[in-house]
Amino acid sequence: QEQAQRRLLDRLSKSATLPTTESSSQGSDVPTQQLTDQELLAALEESTWVLRSPSPDGPLEYRSPWHHPAVSELLARAQANDDVRLMIEKRILERMGRGGPTGRFHAALVLAGLGKPQGIEELNRNLLDADAPASIRTNAACALANFGPMLDPDGLDRLLQIWIPDRTTIRRVVAEKDEPLVTAIAYSLVSARRADPRFDPSRDETIRFLANCPHPPLRRLAAIAHAGRPWDVIVSPLDRLLEDSDPAVRRSALAALMVHPTSAGRETVLRLARDVDVTVSLEATRAMAHYPDTEIATRLDEQAKSPSALVRQGAVEAAGLLSQEAIVLEGAGDPQASVRVAAASSLAKLQTPSALTALERLLSDDRASVVQEAVLDALSKRSPTESVPLYLRALQSASARTRDGATRRLTALASEPTFRASHTPASSARLARAIALFRPADTIDARSAQWEEIKQAWVAMETVRLLPSSAGTRGPPPPGPPCRARR
């Protein structure tokens, strides 16, 4: 099903002359992430729409199959930094007033992504414009779905009737070329309906129709519509969607059922944990955490031994929530990095000595930078007495990503009032100097005076004295270079 949908999107992209590879406003091969803010703003005037990566959507979301690289990058930067966000908002609002139709639409996507009403109004106009390209209307509908309370469900329902005028018979009601746009409009409609506290999807005519239509993406939206309330009894059509022939529909139906888990969902979780599709089994295995009983514990142990890494990952995640330490510790030694990442995250929930030992072992021995990053995140949930020695040890990692992560966390920790209060001014200053010294270590020549200065600082840092309490802590790691030097 996913491969067939991908082929359809490829055909639609070619027929709409949409490029399928990213290009910058400079016409070069510079990645979008390396463009300046000004270059990204200029790129909003270009119709550079590309297909997203084929990774599946989350079980309760629908994303447009296309995106504009400059829009996506501007939103990512705005969400990461408040100062950048304010600058982008100002420049985008200026562009809305003087740009061409293409630039205004792209600017509206950025503004809507930042929650600005001017962007939402412009996207609504684009959605209702019958002459606009399908890719523009599809992206407008997907973006509007994030603002359910501000949408007009009746208006969206009337718009949907252009493609689905008759809801009394079940047949192939939507042409293949229209599927992405119709799905996006239906997603906005579902979002608007769910914003109404009186909405009951089991009685809604449109939702019941979508649950029985021949298009899996539309049936999946019917499943998502059930996510807003607890179900003491699994109602129709949700019960049918949980047994749908399409795994994406089953996965979304289960996720909807688990938004407000009730005892009615327990048997469904146990059944779908053995689903033939591993993504459904993963969702069900994660959901076992809602039912802490003996049978669930036994089944979770079985799932932890699954040949599928995805299922083992779900078992480790659920085990962390249920405090089943043995499963989590076993996951920390899994051959698959994604399972070890899940184990590191679950170890953060287990405030035990053995959990700390496992985190220390992962940080020292695991070569996967994604695992080390997960360990650093987990350590942020431990006390500074436990985390700081390991952060300092991480400064010796051969991975620049790990060293940077440790530096950021040490810097943040050193600025916290409760941590500062436990040090003398001299020890706090020494910690700050040590962190600053290690920041550029990945670019230092091993023969330079700066490298020697860093080595001496490491030896003299006296790690234990920098901690709030030295009781029960280990001494500093052996003296040596904090990273692998360039030759």
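**Group meeting: a walk through the chain**

Asp178 sits in the loop between α8 (153-160) and α9. Keep in mind that this is a predicted model. Is Asp178 buried or exposed? Asp178 is buried, at a relative accessible area of 16%. In sequence, Asp178 and Thr138 are 40 residues apart. In space, their C-alpha atoms are 9.7 Å apart.

The crossing of α7 and α9 is left-handed. Which residues make the contact? From α7, we have Ala134, Arg137, Thr138, Ala141, Cys142 and Leu144. From α9, we have Pro180, Leu181, Ala184, Ile185 and Ser188. By class, the contact of α7 with α9 has eight nonpolar residues, two polar ones and one charged one. Here is a general point for reading such lists. Residues three or four places apart in an α-helix point the same way, because there are 3.6 residues a turn.

Now let's step back to the whole chain. The secondary structure comes to 26 helices and two strands. The chain has 487 residues, and buried residues make up 51% of them. What about contacts along the sequence? Take contacts between residues at least 6 apart in sequence. Of these, 65% join residues at least 24 apart.

How many of the 11 residues of α21 are buried? Eight are, so helix α21, residues 369-379, is mostly covered. The buried set is Val371, Gln372, Glu373, Ala374, Val375, Leu376, Ala378 and Leu379.

First up is Arg266. Arg266 is in helix α14, residues 266-272. Its relative accessible area is 17%. The cut-off for buried is under 20%, so Arg266 counts as buried. What does Arg266 touch, leaving aside neighbours within four places in sequence? Arg266 is in contact with Tyr291, Asp293, Glu295 and Ile296. With Glu295 there is also a polar contact: the two side chains are joined at 2.8 Å.

Then Gln303. Gln303 lies in helix α16, residues 294-303. At 7% relative accessibility, Gln303 is buried. Again, leave aside neighbours within four places in sequence. The contacts of Gln303 are then Ala273, Ser281, Thr285, Met288, Val311, Arg312 and Ala315.

Most residues other than glycine have a negative phi, and most peptide bonds are trans. We have one exception of each kind to show. Where is the cis peptide bond? A cis bond joins Ser236 and Pro237, with omega at about 15 degrees. Pro237 falls in the loop between α11 (216-224) and α12 (238-241). The phi case is Ser323. Ser323 is not a glycine, yet its phi is positive, near 60 degrees. Look for Ser323 in the loop between α17 (309-321) and α18 (325-331). Is Ser323 buried or exposed? Ser323 is exposed, with a relative accessible area of 52%.

To recap, in order. Arg266 has its polar contact with Glu295. And Ser236 and Pro237 are joined by a cis bond. That's my tour.

How values were computed
Residues are numbered from 1 along each chain as its sequence is written. This is a predicted model: local features need pLDDT of at least 70, side-chain atom pairs count only at pLDDT 80 or more; totals for chains, interfaces and linings use all residues. Side-chain values use heavy atoms; hydrogens and water are left out. A crossing is left-handed if the near helix is turned anticlockwise from the far one by less than a right angle, and right-handed if clockwise. Helices (H or I, at least four residues) and strands (E, at least two) are DSSP runs, numbered from the N terminus. Contact means heavy atoms within 4.5 Å. Ala, Val, Leu, Ile, Met, Phe, Trp, Tyr, Cys and Pro count as nonpolar, Asp, Glu, Lys and Arg as charged, and the others, Gly among them, as polar. Buried means under 20% relative accessible area, exposed over 50%, partly exposed in between (1.4 Å probe, protein chains only). A polar contact is a pair of N or O atoms within 3.5 Å; within protein, one must be able to donate a hydrogen and the other to accept it, and residues adjacent in sequence count only if both atoms are side-chain atoms.
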